[in-house]
Amino acid sequence: MQWGKVFYMFFTLMSLTTSAAFLYDEALVALFIAGSVNVVSTIMKIGVRNLLAAELLAGSLVADLHLIPAFFALKFYDNHELATGLVIGAVIANLYTIVISIVESSKEKADF
């Protein structure tokens, strides 16, 4: 078992689920947690050297660049609509990352 993959998938899933929690109840704390967890996930993906590492990192960076401005839009401008729209973009980016991870895992299984 590749523990590095387990950890970055864990953080990606945590970011996705906390982003979904924000969409359910627009709490600033949920948005902060989603952004923080996603930043940790991005940092963990920097050292990954596998077939689709660039795509994984790009998806995570896109989610970061949605969640961080969403937090500021909600905290400082109290703009719930903009924050919600940005979080939906982050959810899509995290779903993309998960799909890419599944494709990569199936590719690794096929190589055995």
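Which residues does Thr-84 touch, not counting residues up to four places away in sequence? Phe-22, Leu-23 and Glu-26, where contact means heavy atoms within 4.5 Å.

## Before we start

This is a predicted model, where local features need pLDDT of at least 70, side-chain atom pairs count only at pLDDT 80 or more, and totals for chains, interfaces and linings use all residues. Residues are numbered from 1 along each chain as its sequence is written, and side-chain values use heavy atoms, with hydrogens and water left out.

## Around Thr-84

Thr-84 sits in helix α4 (helices are DSSP runs of H or I, at least four residues, numbered from the N terminus). With a relative accessible area of 18%, Thr-84 is buried (buried means under 20%, exposed over 50%, partly exposed in between, using a 1.4 Å probe and protein chains only). Its side chain also reaches the backbone oxygen of His-80, at 2.8 Å.

## The core

Now for the nonpolar core, a set of buried Ala, Val, Leu, Ile, Met, Phe, Trp, Tyr and Cys residues joined through side-chain atoms within 4.5 Å. The largest one has 22 residues, and Phe-22, Leu-31 and Val-87 are among those with the most contacts inside it.

## Val-6

Over in helix α1 (residues 3-24) you'll find Val-6. Val-6 counts as partly exposed because its relative accessibility is 31%.

Key:
Helix = DSSP H or I, 4+ residues; strand = E, 2+ residues; numbered from the N terminus. Polar contact = N/O pair within 3.5 Å; in protein donor to acceptor, adjacent residues only side chain to side chain.
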